[in-house]
Amino acid sequence: MVRLMKGDVPGMDLATYEKYIAGDPEKMAHQIISRVDVGKGPLRLTLGSDAYQKIKASLEARLAALTEQKTVAYSTDADDYVAR
């Protein structure tokens, strides 16, 4: 794993390997600084298209699992419960 992190990939030169890395550290640093300067914004900052795709897929899977439980969740409400 350490060799891969250093760009030592068998059969691939460093320039080719770097094309498989989505993130640009300079662009990320700019976004982090910009986010701090603005002072408001999301609690978590997603940086990189690869990170966005993985987080989105994970959240969609969690939402699907929650949706499957809706009937059971609602069935446990008290009979006299009034939703606000």
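**Figure 1. Burial and overall form of the predicted protein.** Of the 84 residues in this predicted model, 4% count as buried (under 20% relative accessible area, with exposed meaning over 50% and partly exposed in between, for a 1.4 Å probe and protein chains only). The protein exposes about 8,000 Å², and carbon and sulfur atoms supply 59% of that area (Shrake-Rupley method, 1.4 Å probe; for residues, only the protein chains shown count as cover). Its fold has five helices and zero strands (DSSP runs numbered from the N terminus: H or I of at least four residues for helices, E of at least two for strands). The radius of gyration is 22 Å, well over the 12 Å that the globule rule gives for 84 residues, so the protein is more spread out than a compact globule (the radius is taken over C-alpha atoms, and the rule is 2.2 Å times the number of residues to the power 0.38). Along the principal axes, the C-alpha atoms fill a box of roughly 65 × 40 × 20 Å.

**Figure 2. The salt bridge between K56 and E60.** Here the side chains of K56 and E60 meet, N to O, at 2.6 Å (a salt bridge is a side-chain nitrogen of Lys or Arg within 4 Å of a carboxyl oxygen of Asp or Glu). By this rule, the count comes to one salt bridge. Both K56 and E60 belong to helix 4 (residues 49-68), where they sit four residues apart, about one turn of the helix. K56 is partly exposed, with a relative accessible area of 38%, and E60 is also partly exposed, at 44%.

Figure 3. V36 is a member of helix 3 (residues 25-38). Its relative accessibility is 61%, so V36 counts as exposed.

**Figure 4. I21 and its distance to D50.** Take a look at the loop between helix 2 (14-18) and helix 3, where I21 is found. I21 is partly exposed, with a relative accessible area of 45%. Although I21 and D50 are 29 residues apart along the chain, their C-alpha atoms are separated by 8.9 Å.

**Notes for all views.** Residues are numbered from 1 along each chain as its sequence is written, and side-chain values use heavy atoms, leaving out hydrogens and water. Because this is a predicted model, local features need pLDDT of at least 70 and side-chain atom pairs count only at pLDDT 80 or more, while totals for chains, interfaces and linings use all residues.
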